Amino acid sequence: MTAVPTAAGTDSRPPRSALFAVACGVTLLGAVAGAVWAMVTPTVTGRVLSDKYAEIIGGGDSAEYESMAWLAVLLFVYGFVAATVSWLAARPWRGPAGFATLGAATVAGSVVASVVGDRMTAWRFDDPKSLPVGATYKFGADLYDDRWWTLIPSPWVLLVCGPFTATLLYLVFTLSTAEPDLGVGDLPQDQAETVPAV
């Protein structure tokens, strides 16, 4: 397969709106990761003691650590899927532009994942303030609660999981490509003639 020759100085790539659409799609994938996390995150069980106080009777710190572990795993998977989608859907933009766009989109998508996951977790469980004394309830991790600073340096550290995986996989895709133009097909005429058929 030989590269498709193009005239020197001519940009045969589609408009940047196509790259922007891929970036938006990758960002919105973060919402899916956040929603899945909200559904599978381990929960802590509590009991209402009064209108202002409650006690934890099941789960505790172990469930919170497991919850963070699940978020990290899902963000790693998100980064893998994001890199694959970006490499295949934004083929004309492979290279520095596609790589930079993927990085920005996965950072944004990781933030979206944490916000959506946090909001869906809050929506999924009852507010203990609305329950009668003696009632038991379940709740999930609150990513924006100050006490998370006592468990890990910051929950925002988890937001590097997606971009890290996406960056690593994009590099693997790049190094595994035999064509010097990464399969884009935009080599100038004089260079295209020197590319051997595979």
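This is a predicted model: local features need pLDDT of at least 70, side-chain atom pairs count only at pLDDT 80 or more; totals for chains, interfaces and linings use all residues.

Biologist: What about contacts with a separation of 6 or more: what share comes from residues 24 or more positions apart?

Modeller: Here we look at contacts in the protein chain with a separation of 6 or more. Among those, residues 24 or more positions apart account for 81%.

Biologist: Now the helices. Are α1 and α3 roughly parallel or roughly antiparallel to each other?

Modeller: Helix α1 covers residues 16–40 and helix α3 covers residues 96–124, and their axes are 6 Å apart. They pack at an angle of about 30°, and the limit for that label is under 35 degrees. So α1 and α3 come out as roughly parallel.

Biologist: Which class of residues has 18 members in the contact of α1 with α3?

Modeller: α1 passes α3 in a right-handed crossing. Sorted by class, the contact of α1 with α3 has two charged residues, eight polar ones and 18 that are nonpolar.

Biologist: Let me zoom in on α1. Is Thr27 buried or exposed?

Modeller: Thr27 is found in helix α1. Leaving aside neighbours within four places in sequence, Thr27 is in contact with Tyr78, Ala105, Ala108, Gly109 and Val112. The relative accessible area of Thr27 is 17%, and the cut-off is under 20%, so Thr27 counts as buried.

Biologist: Ala18 is in helix α1 too. How does Ala18 count at 34% relative accessibility?

Modeller: Buried needs under 20% and exposed needs over 50%. At 34%, Ala18 therefore counts as partly exposed.

Biologist: Where is Pro42 found, and which residue is 8.8 Å from Pro42, C-alpha to C-alpha?

Modeller: Pro42 is found in the loop between α1 and β1 (44–48). Pro42 is buried, with a relative accessible area of 16%. Not counting residues up to four places away in sequence, Pro42 touches Ala63, Glu66, Ser67, Trp70 and Gly140. The residue 97 places apart in sequence and 8.8 Å apart in space is Phe139.

Biologist: Back to helix pairs. Are α3 and α4 roughly parallel or roughly antiparallel?

Modeller: Helix α4 spans residues 161–176, and the axes of α3 and α4 come within 8 Å. They cross at roughly 155°, and angles over 145 set the label. So this pair is roughly antiparallel.

Biologist: Last one: how many disulfides does the structure hold?

Modeller: A disulfide is a covalent bond between the sulfur atoms of two cysteines. Cys24 is partly exposed, at 31% relative accessible area, whereas Cys161 is buried at 9%. The number of disulfides in the structure is zero.

How values were computed
Residues are numbered from 1 along each chain as its sequence is written. Side-chain values use heavy atoms; hydrogens and water are left out. Axes are lines fitted to C-alpha atoms, for helices over the stretch in contact, and angles run from 0 to 180 degrees between N-to-C directions. Helices (H or I, at least four residues) and strands (E, at least two) are DSSP runs, numbered from the N terminus. Angles under 35 degrees count as roughly parallel, over 145 as roughly antiparallel, 65 to 115 as roughly perpendicular and the rest as oblique. A crossing is left-handed if the near helix is turned anticlockwise from the far one by less than a right angle, and right-handed if clockwise. Ala, Val, Leu, Ile, Met, Phe, Trp, Tyr, Cys and Pro count as nonpolar, Asp, Glu, Lys and Arg as charged, and the others, Gly among them, as polar. A disulfide is a pair of cysteine sulfur atoms within 2.5 Å. Buried means under 20% relative accessible area, exposed over 50%, partly exposed in between (1.4 Å probe, protein chains only). Contact means heavy atoms within 4.5 Å.
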